[in-house]
Amino acid sequence: MASMTHSSLPLVFLCSLFYVIFSSFCDCKSVSSITIDSLRASLVKQEDFIVFSLIERARYPYNSFAYDPSFLGNQNCSFVELFVRESEAMEAKFGRYQNPEELPFFPDYKQPQLAPPHKFPNILHPPAASVNISRKIWDMYFNDFLPLFTKKSADGNYQQTVASDLICLQALSRRIHSGRFVAEIKFRDSPQNYTPAIQAKDSETLMKLLTFASVEEAVVKRVFKKAEIFGQNVNLGKNNVKGVESRYKVEPSVASKLYQEWVIPFTKQVEVDYLLRRLI
């Protein structure tokens with residue numbers, strides 16, 4: 001396992017660098033400084049990271065062996081699952097999951113933590129903070145989304161492939177589970193708007209209260225544009241045969257589909273689930 005971990009270090013450093021650039025809203029010094037506007041600004045920055053993560057993953061073909069449990073001779077664990085489990089255990093050891101924005105896909109690690117404890121702002125309502133749809137994100141990514149933008153072939157770069165998968169998964173999880181923070185701030189700003197539906201356990205009404213079609217449409221269009229700009233294949237030669245190769249590393253329509261069909265609906269599901277526990 002050591003070789004897998006060491007060879008993934010460049011991607012880990014890349015991921016850490018982007019997380020510094022696209023700042024965490026849990027870095028705010030006080031809860032009162034976190035607003036809907038500051039949350040939205042953070043989510044806009046996260047769009048950049050998600051698009052870049054997809055571009056990185058698209059460098060490799062699908063590499064189906066990485067997802068087949070029989071590849072390791074273990075019917076209960078695939079290559080990618082083992083890699084993610086080992087990587088999360090290492091990251092937990094160094095304090096990644098102290099940050100309430102970060103949720104592991106496999107929290108059953110037992111490594112002692114080496115990082116000193118850090119007191120992040122207490123933003124979330126404790127009974128609702130445990131809302132977690134990591135399994136749904138995992139299934140969506142591998143079953144529905146990944147086949148949309150990877151070539152159906154193999155190149156043997158299985159470790160690099162699953163390391164790229166992990167970066168995508170963590171970025172998507174962070175973005176989707178930010179719905180907990182959005183729901184908390186919305187509730188604090190206007191508790192009277194949500195309390196009746198929460199008390200009635202009315203998920204449908206809560207979903208309507210949280211849905212702003214014009215905002216969602218703007219997000220989808222912005223992600224499309226970012227994928228269009230960030231993912232262009234640049235060719236300065238005059239001998240490029242038109243139509244042989246896509247203009248983009250990841251088709252912009254695929255990135256916008258990710259948001260329209262999964263990221264936005266999943267985030268709203270997290271918000272509803274959080275609000276349903278907000279009065280406990």
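Is Phe 149 buried or exposed? Phe 149 counts as buried, at 10% relative accessibility. Buried here means under 20% relative accessible area, exposed means over 50%, and partly exposed is in between, with a 1.4 Å probe and protein chains only.

Some ground rules. This is a predicted model, where local features need pLDDT of at least 70, side-chain atom pairs count only at pLDDT 80 or more, and totals for chains, interfaces and linings use all residues. Residues are numbered from 1 along each chain as its sequence is written, and side-chain values use heavy atoms, leaving out hydrogens and water.

Now the overall layout. The chain has 12 helices and 0 strands. Those are DSSP runs, numbered from the N terminus: helices are H or I with at least four residues, strands are E with at least two. Of the 280 residues, 48% count as buried. The chain exposes about 14400 Å², and carbon and sulfur atoms supply 56% of that. The areas come from the Shrake-Rupley method with a 1.4 Å probe; for residues, only the protein chains shown count as cover. Next, contacts, meaning heavy atoms within 4.5 Å. Take those in the chain with a separation of 6 or more: residues 24 or more positions apart account for 78% of them.

On to the core. A nonpolar core is a set of buried Ala, Val, Leu, Ile, Met, Phe, Trp, Tyr and Cys residues joined through side-chain atoms within 4.5 Å. The largest one has 68 residues, and Phe 145 and Leu 258 have the most contacts inside it. Helix α12, residues 252-276, gives the most to this core, with 12 residues.

Look at Phe 145. Its relative accessible area is 0%, so Phe 145 is buried. Leaving aside residues up to four places away in sequence, Phe 145 touches Leu 54, Met 140, Val 254, Leu 258 and Trp 262. Phe 145 is also one of the buried residues of helix α6, residues 134-145. Cover for the buried residues of α6 includes α3 (36-57), α4, α7 and α12.

Next, the rings. Rings of Phe, Tyr and Trp (its six-membered ring) pair if their centres lie within 6.5 Å; planes under 30 degrees apart are stacked, over 60 edge-to-face, the rest tilted. The count comes to 16 aromatic pairs. In one of them, Phe 79 and Tyr 158 have ring centres 6.4 Å apart and planes at 70°, so the pair is edge-to-face. Phe 79 lies in helix α4 (residues 79-93) and Tyr 158 in helix α7 (residues 158-177), so this pair ties together parts 79 residues apart in sequence. Both Phe 79 and Tyr 158 are buried. Phe 145 and Phe 149 have centres 4.9 Å apart and planes at 40°, so that pair is tilted. Both belong to one aromatic cluster, whose members include Tyr 62, Trp 138 and Trp 262.

Back to α12. Its 25 residues should span 36 Å at 1.5 Å a residue, and the end C-alpha atoms are 35 Å apart, which agrees. The expected span is 1.5 Å times one less than the number of residues. α12 bends by about 35° at Tyr 259. That bend is the angle between axes fitted to the seven residues ending there and the seven starting there.

One last residue. Glu 271 is found in α12. Glu 271 counts as buried, at 5% relative accessibility. Among the residues Glu 271 touches, not counting those up to four places away in sequence, are Gly 179, Lys 186 and Leu 210.
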